[in-house]
Amino acid sequence: MAGIKVWVLTGDKHETAVSVSLSCGHFHRTMNILELTNQKSDSDCAEQLRQLARRIKEDHVIQHGLVVDGTSLSLALREHEKLFMDVCRNCSAVLCCRMAPLQKAKVIRLIKVSPEKPITLAVGDGANDVSMIQEAHVGIGIMGKEGRQAARNSDYAIARFKFLSKLLFVHGHFYYIRIATLVQYFFYKNVCFITPQFLYQFYCLFSQQTLYDSVYLTLYNICFTSLPILTYSLLEQHIDPHVLQNKPTLYRDISKNRQLSIKTFLYWTILGFSHAFIFFFGSYFLMEKDISLLGNGQMFGNWTFGTLVFTVMVITVTVKMALETHFWTWVNHLVTWGSIIFYFVFSLFYGGILWPFLSSQNMYFVFIQLLSSGSAWFAIILMVVTCLFLDIVKKVFDRLLHPTNTEKAQLAETNSSIKCLDSMCCFSEGETVCASVGRMLERVIGRCSPTHVSRLWSASDPFCSNDRSILTLSTMESSTC
């Protein structure tokens, strides 16, 4: 359901491996099981692979499963790698049995160098899985009776195999969204930061005159815009964890590195350039005419112009981060709005005192004079709204016209009155899940529990997976519920 193909690489014998795959749902009864076993020569192995490829094309079966033993795998990997991968690519599940530890690593290396360049993840619990774990892009070790060698050589260690689904669908989903936004937001805010400085050189004859004060240049990435994205990358949860756990199809929205694609990267970069042009030329056209805009009758100067551009920039990139945030906590509010407040307080303090250890006092009273101008306040508000308006409109139309499964889940979660934390057993026939106030009251007083709430299931009812059960596509009995 998540779009992940599962291969089982084991040293067990053929009968045991097939039995385990059938019992755990890796193979299911409606799947057409193909076998590549007991091959003695290269020619026989090649002929068997061609027959399997023809069967896959001719059989009108949705899913195929492939069983390969270690001897046949050695022959297939020796001279028929392309043909073997073509067969495996068209199979929903692959089971490799009677394998040596090095053969496991060779299979993973074969998958990594295939034309699709998939991301591979290896899960093992013993020392014989170490080579496989080290070869995969991501290695996960299970701590247990087989020792700690797999866990010591892995990227992540878990205590039970059942935690793998939560590791992928919840934590993996969250951290991918956080990292993808972190990387692209850093590009965006630094494009906004540097582009006005570049544009300013055309108006100062490339004299290397800086647009911003040196203190602003230093503190932009350190103090003024760092905490909101840091908090986002640590705390963001764009969907409730239980929704991600119960809807594995949402994992498809982040597959194939979609959030870090060229299209998404170009959008953030173009957004940064457009905002930078609005910062610079909006401020420039405001003070283009020789008109007094300051409260004391003075004209805008070089440092006043740069401070106006910098002020609009800090507010815009911080509010842009707020627009990307879905999971608001008191920490997010503190660092987001606190960053803007800190900038104003710091600028007033920095520009309101003559610092004896500074060689130049260019910023003395500049920020205070800027804030005394009503036109400057109007320009700040107008430019911030202009920058973010088109981005908001794009987000609204994308959600209305081409929503992803994740965005649909966000909307459904927003419209629900309470969180769906338990199984669908809690809800009666024909009732909308988590829709009524009565169910909410039952949940509060403890009556909504799968242990003593029954539901009549029909043959057409789908199985809604949760933390208490094994993921399968079969229907569910009322007694099991």
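A: Four strands make up an open sheet, in the order 1-4-3-2, and they pair in parallel. Strands here are DSSP runs of E with at least two residues, helices are runs of H or I with at least four, and both are numbered from the N terminus. Two strands count as paired if DSSP finds at least two bridges between them. Strands of a sheet pair through backbone hydrogen bonds, either parallel or antiparallel.

Strand 1 (6-9) and strand 2 (32-36) stand at the edges. Each has a single partner strand, so one side of each is left without a neighbour in the sheet. From one strand to the next, the twist averages 15°.

This is a predicted model, in which local features need pLDDT of at least 70 and side-chain atom pairs count only at pLDDT 80 or more, while totals for chains, interfaces and linings use all residues. Residues are numbered from 1 along each chain as its sequence is written, and side-chain values use heavy atoms, with hydrogens and water left out.

Now look at one pair of strands. Strand 2 and strand 3 (residues 64-69) run parallel, joined by five bridges. Glu35 stands opposite Val67 in strand 3.

Next come the helices on the sheet. Helix 1 (residues 14-24) lies across strand 2, strand 3 and strand 4 (93-97). Helix 1 runs at about 150° to strand 4. Such angles run from 0 to 180 degrees between N-to-C directions, with axes fitted to C-alpha atoms, for helices over the stretch in contact. Helix 4 (residues 81-89) also packs on the sheet and touches strand 1, strand 2, strand 3 and strand 4. The direction of helix 4 makes about 140° with that of strand 3.

The buried residues of helix 4 are Phe84, Met85, Val87 and Cys88. Buried means under 20% relative accessible area, exposed over 50%, and partly exposed in between, with a 1.4 Å probe and protein chains only. These four cover an arc of only 160° around the axis, which puts them on the same side of helix 4. The arc is taken from the directions from the helix axis to the C-beta atoms.

Finally, turn to Leu52, in helix 2 (residues 42-58). Leu52 is buried, with a relative accessible area of 2%. Beyond its neighbours within four places in sequence, Leu52 is in contact (heavy atoms within 4.5 Å) with Leu34, Glu35, Leu36, Leu66 and Val87. Leu52 and Val87 are 35 residues apart along the chain, yet their C-alpha atoms are separated by 7.0 Å.
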